[in-house]
Amino acid sequence: MAKISLIVNGNPVNANVDPRTLLVQFLREHLRLTGTHVGCDTSQCGACVVHLDGKAVKSCTTLAVMADGHEVKTIEGLAADGAPLHPMQEAFREHHGLQCGFCTPGMIMTAIDIVHRKGHELDDHTIREELEGNLCRCTGYQNIVASIAAGAKAMAKSDLA
(Lines give C-alpha, C1' and ligand atoms only; values in the text may rest on other atoms or scores of the structure.)
Protein backbone atom coordinates (compact mmCIF):
# COMPACT_ATOMS: atom_id res chain seq x y z
CA MET A 1 0.00 0.00 0.00
CA ALA A 2 1.07 3.56 -0.71
CA LYS A 3 0.14 6.52 1.46
CA ILE A 4 -1.13 9.51 -0.52
CA SER A 5 -2.10 13.01 0.55
CA LEU A 6 -3.85 15.34 -1.85
CA ILE A 7 -6.49 18.04 -2.05
CA VAL A 8 -9.75 16.97 -3.73
CA ASN A 9 -12.29 19.69 -4.46
CA GLY A 10 -10.66 21.89 -1.84
CA ASN A 11 -10.63 19.24 0.89
CA PRO A 12 -7.51 17.50 2.21
CA VAL A 13 -7.55 13.74 1.65
CA ASN A 14 -5.18 11.14 3.11
CA ALA A 15 -5.44 7.51 2.09
CA ASN A 16 -3.60 4.25 1.71
CA VAL A 17 -4.00 2.85 -1.80
CA ASP A 18 -2.68 0.00 -3.87
CA PRO A 19 -0.01 1.63 -6.08
CA ARG A 20 -1.88 0.29 -9.15
CA THR A 21 -5.10 2.16 -8.28
CA LEU A 22 -6.20 4.50 -11.04
CA LEU A 23 -7.20 8.02 -10.07
CA VAL A 24 -10.71 7.43 -11.45
CA GLN A 25 -11.08 4.35 -9.23
CA PHE A 26 -9.84 6.27 -6.22
CA LEU A 27 -12.29 9.12 -6.83
CA ARG A 28 -15.28 6.88 -7.52
CA GLU A 29 -14.70 3.95 -5.15
CA HIS A 30 -12.80 5.47 -2.23
CA LEU A 31 -14.20 9.01 -2.18
CA ARG A 32 -17.61 8.21 -3.73
CA LEU A 33 -17.26 11.08 -6.22
CA THR A 34 -19.14 9.34 -9.00
CA GLY A 35 -19.48 12.30 -11.37
CA THR A 36 -16.21 11.24 -12.97
CA HIS A 37 -17.18 8.44 -15.34
CA VAL A 38 -15.36 5.44 -16.80
CA GLY A 39 -16.20 5.10 -20.46
CA CYS A 40 -13.34 3.25 -22.11
CA ASP A 41 -10.40 2.64 -19.72
CA THR A 42 -8.06 3.48 -22.62
CA SER A 43 -7.91 7.31 -22.58
CA GLN A 44 -10.02 7.53 -25.73
CA CYS A 45 -13.39 8.96 -24.67
CA GLY A 46 -12.75 11.74 -22.12
CA ALA A 47 -15.59 10.77 -19.75
CA CYS A 48 -13.03 10.59 -16.93
CA VAL A 49 -11.48 14.06 -17.30
CA VAL A 50 -10.64 15.86 -14.06
CA HIS A 51 -8.29 18.73 -13.32
CA LEU A 52 -4.93 17.93 -11.75
CA ASP A 53 -3.29 21.15 -10.55
CA GLY A 54 -5.64 23.05 -12.85
CA LYS A 55 -4.95 21.06 -16.00
CA ALA A 56 -7.26 18.52 -17.64
CA VAL A 57 -6.11 14.90 -17.30
CA LYS A 58 -7.76 11.61 -18.10
CA SER A 59 -8.10 9.94 -14.74
CA CYS A 60 -8.50 6.46 -16.26
CA THR A 61 -4.81 6.47 -17.19
CA THR A 62 -3.48 8.43 -14.21
CA LEU A 63 -2.45 6.52 -11.10
CA ALA A 64 -3.77 7.82 -7.78
CA VAL A 65 -0.19 7.89 -6.46
CA MET A 66 0.67 10.38 -9.22
CA ALA A 67 -1.78 12.82 -7.57
CA ASP A 68 0.07 12.62 -4.22
CA GLY A 69 0.87 16.16 -3.11
CA HIS A 70 -1.33 17.70 -5.81
CA GLU A 71 -4.80 19.20 -6.17
CA VAL A 72 -7.62 17.42 -7.97
CA LYS A 73 -10.89 19.02 -9.00
CA THR A 74 -13.82 16.93 -10.19
CA ILE A 75 -17.18 17.97 -11.61
CA GLU A 76 -18.52 17.90 -8.04
CA GLY A 77 -16.01 20.58 -7.06
CA LEU A 78 -17.14 23.17 -9.61
CA ALA A 79 -20.12 24.43 -7.61
CA ALA A 80 -20.89 23.99 -3.93
CA ASP A 81 -24.17 22.39 -2.90
CA GLY A 82 -26.92 24.97 -3.15
CA ALA A 83 -24.66 27.48 -4.91
CA PRO A 84 -25.19 28.62 -8.50
CA LEU A 85 -23.71 26.34 -11.15
CA HIS A 86 -20.30 27.10 -12.62
CA PRO A 87 -20.80 29.24 -15.77
CA MET A 88 -19.79 26.33 -18.00
CA GLN A 89 -22.27 24.00 -16.29
CA GLU A 90 -24.98 26.63 -16.70
CA ALA A 91 -24.10 27.07 -20.38
CA PHE A 92 -24.44 23.31 -20.98
CA ARG A 93 -27.84 23.40 -19.29
CA GLU A 94 -29.02 26.49 -21.12
CA HIS A 95 -27.78 25.44 -24.58
CA HIS A 96 -28.80 21.77 -24.32
CA GLY A 97 -25.23 20.52 -24.50
CA LEU A 98 -26.15 17.07 -23.21
CA GLN A 99 -28.52 14.23 -23.86
CA CYS A 100 -27.88 11.14 -21.77
CA GLY A 101 -25.32 13.04 -19.67
CA PHE A 102 -22.67 10.32 -19.51
CA CYS A 103 -19.98 12.35 -21.29
CA THR A 104 -21.07 15.68 -19.81
CA PRO A 105 -18.78 15.85 -16.73
CA GLY A 106 -15.71 15.13 -18.86
CA MET A 107 -16.87 17.57 -21.54
CA ILE A 108 -17.36 20.33 -18.97
CA MET A 109 -13.99 19.73 -17.30
CA THR A 110 -12.32 19.71 -20.73
CA ALA A 111 -14.20 22.85 -21.76
CA ILE A 112 -12.99 24.76 -18.70
CA ASP A 113 -9.44 23.67 -19.48
CA ILE A 114 -9.86 24.87 -23.08
CA VAL A 115 -10.96 28.30 -21.84
CA HIS A 116 -8.00 28.51 -19.45
CA ARG A 117 -5.60 27.67 -22.28
CA LYS A 118 -7.25 29.38 -25.27
CA GLY A 119 -9.19 32.30 -23.80
CA HIS A 120 -12.80 33.39 -23.69
CA GLU A 121 -13.38 34.03 -27.39
CA LEU A 122 -13.51 30.60 -28.97
CA ASP A 123 -14.57 29.81 -32.52
CA ASP A 124 -16.29 26.56 -33.52
CA HIS A 125 -13.20 25.20 -35.27
CA THR A 126 -11.00 25.67 -32.19
CA ILE A 127 -13.58 24.08 -29.89
CA ARG A 128 -14.04 21.07 -32.20
CA GLU A 129 -10.27 20.57 -32.49
CA GLU A 130 -9.80 20.79 -28.73
CA LEU A 131 -12.60 18.26 -28.12
CA GLU A 132 -10.78 15.64 -30.19
CA GLY A 133 -10.20 13.42 -27.13
CA ASN A 134 -13.81 13.59 -25.90
CA LEU A 135 -16.54 11.42 -27.38
CA CYS A 136 -20.29 11.85 -27.22
CA ARG A 137 -22.35 9.01 -28.60
CA CYS A 138 -25.70 10.85 -28.41
CA THR A 139 -25.35 14.32 -29.92
CA GLY A 140 -24.04 15.76 -33.14
CA TYR A 141 -21.75 18.00 -31.05
CA GLN A 142 -23.38 21.23 -32.29
CA ASN A 143 -25.04 21.97 -28.95
CA ILE A 144 -21.86 20.99 -27.09
CA VAL A 145 -19.84 23.44 -29.22
CA ALA A 146 -22.45 26.16 -28.67
CA SER A 147 -22.45 25.45 -24.93
CA ILE A 148 -18.66 25.76 -24.71
CA ALA A 149 -18.62 29.02 -26.68
CA ALA A 150 -21.34 30.48 -24.42
CA GLY A 151 -19.68 29.12 -21.28
CA ALA A 152 -16.34 30.64 -22.28
CA LYS A 153 -17.95 34.08 -22.60
CA ALA A 154 -19.81 33.63 -19.30
CA MET A 155 -16.59 32.64 -17.56
CA ALA A 156 -15.06 35.97 -18.56
CA LYS A 157 -17.74 37.72 -16.49
CA SER A 158 -17.57 35.36 -13.50
CA ASP A 159 -15.32 35.04 -10.50
CA LEU A 160 -15.80 31.23 -10.71
CA ALA A 161 -13.67 31.05 -13.84
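Helices (H or I, at least four residues) and strands (E, at least two) are DSSP runs, numbered from the N terminus. The structure is a predicted model, in which local features need pLDDT of at least 70 and side-chain atom pairs count only at pLDDT 80 or more, while totals for chains, interfaces and linings use all residues. Residues are numbered from 1 along each chain as its sequence is written, and side-chain values use heavy atoms, with hydrogens and water left out.

**Helix H1**
- Helix H1 spans residues 23-30, and Leu23, Val24, Phe26 and Leu27 in this helix are buried; buried means under 20% relative accessible area, exposed means over 50%, and partly exposed lies in between (1.4 Å probe, protein chains only).
- Viewed down the axis of H1, the buried residues fall within an arc of 165°, so they line one face of the helix; the arc is that of the directions from the helix axis to the C-beta atoms.
- The cover over these buried residues includes strand S1 (2-8), strand S2 (11-17), strand S3 (49-52) and strand S5 (71-73).

- S3 and S4 pair in the antiparallel sense over 4 bridges; two strands pair if DSSP finds at least two bridges between them.
- Val49 has Lys58 in S4 as its bridge partner.
- The hairpin has 2 residues between its strands, and Asp53 takes a positive phi near 50° there.
- Asp53 is a residue other than glycine, and its place is the loop between S3 and strand S4 (55-58).
- With a relative accessible area of 43%, Asp53 is partly exposed.

**Loop between H2 and H3**
- His96 is found in the loop between helix H2 (87-94) and helix H3 (104-118).
- The phi of His96 is near 55°, a positive value in a residue other than glycine.
- His96 is exposed, at a relative accessible area of 57%.

**Val145 in helix H5**
- Val145 lies in helix H5, which covers residues 142-156.
- The relative accessibility of Val145 is 0%, so this residue counts as buried.
- Leaving aside residues up to four places away in sequence, Val145 touches Asp124, Ile127 and Arg128; contact means heavy atoms within 4.5 Å.
- Asp123 and Val145 are 22 residues apart in sequence, and their C-alpha atoms are 8.9 Å apart in space.
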